[in-house]
Amino acid sequence: MEKAAYLDAMGIKRWVQTSNAAKAYIILVDSVEPGIEHHPVINSVLSLIGCPITNCSFTQKASKGTDVIWDMRRLKMPKSHPVLSSAPLAELIIKGEAKRELWDLIVAHNKESQIG
């Protein structure tokens with residue numbers, strides 16, 4: 001009996017790696033607060049760069065090999081090479097200059113995405 005036929009007869013499903021697997025991203029913050037993933041600013045920014053919030057998790061420090069999508073820490077140590085870097089959320093909400101800097105990064109990211 002063929003191996004595949006035997007597995008099918010036993011009702012065993014074979015594991016198949018899909019190319020559409022969702023990529024996981026990290027958002028770095030000074031402190032992880034409950035409900036932060038529902039904040040309108042965070043959802044708006046992520047939607048502007050085409051990154052679903054469901055693919056993101058919040059943490060205070062990145063581990064090796066993780067993809068950092070956004071660094072919102074006050075002190076950006078150690079360096080993480082994120083797609084976006086901004087002031088912490090509380091500052092971002094009230095400071096116009098912080099919003100402008102973030103907007104410039106979003107525009108640059110979207111231009112780069114269209115080219116590459």
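Predicted model: local features only at pLDDT ≥ 70, side-chain atom pairs only at ≥ 80, totals over all residues.
## A tour from strand S2

Select residues 25-28. S1 pairs with S2 in the parallel sense, over four bridges. Click on Ile26: its bridge partner in S2 is Ser57. Now trace the chain from S1 through H2 to S2. This β-α-β crossover is right-handed.

**Show strand S3.** S1 also pairs with S3, again in the parallel sense over four bridges. Return to Ile26 and look toward S3, where Val68 stands opposite.

**Bring in the whole sheet.** What is the order of the four strands in the open sheet? Read across and you get S2-S1-S3-S4, with parallel pairing. S2 and strand S4 (84-85) are the edges. Each has a single partner strand, so one side of each has no neighbour in the sheet.

**Select helix H2.** H2 lies across S1, S2, S3 and S4. Against S3, H2 runs at about 125°.

**Look into the core.** The largest nonpolar core has 20 residues. Select Ile27, Ile42, Leu46, Ile69 and Trp70, the residues with the most contacts inside this core. Several elements give two or more residues to the core, among them helix H2 (40-48), strand S3 (67-71) and helix H4 (96-115). In soluble globular proteins, nonpolar side chains tend to be buried together.

Now centre on Leu46. Which residues does Leu46 contact, leaving aside neighbours within four places in sequence? They are Ile27, Cys51, Ile53, Cys56, Ile69 and Trp70.

Cys51 counts as buried, because its relative accessibility is 6%. Cys56 is buried too, with a relative accessible area of 13%. A disulfide needs the sulfurs within 2.5 Å. The whole structure has zero disulfides.

**Finish on helix H4.** Select Ser113, which lies in H4. Ser113 counts as partly exposed, because its relative accessibility is 44%. Ser113 and Ile49 are 64 residues apart along the chain, yet their C-alpha atoms are separated by 9.1 Å.

Note on methods. Residues numbered from 1 in each chain as written. Heavy atoms only, no water. Core = buried A, V, L, I, M, F, W, Y, C linked by side-chain atoms within 4.5 Å. Buried < 20%, exposed > 50% of the residue type's maximum accessible area, 1.4 Å probe, protein only. Contact = heavy atoms within 4.5 Å. Pairing = 2+ DSSP bridges. Right-handed = clockwise from strand over helix to strand, strands pointing away. Axes fitted to C-alpha atoms, helices over the stretch in contact; angles between N-to-C directions.
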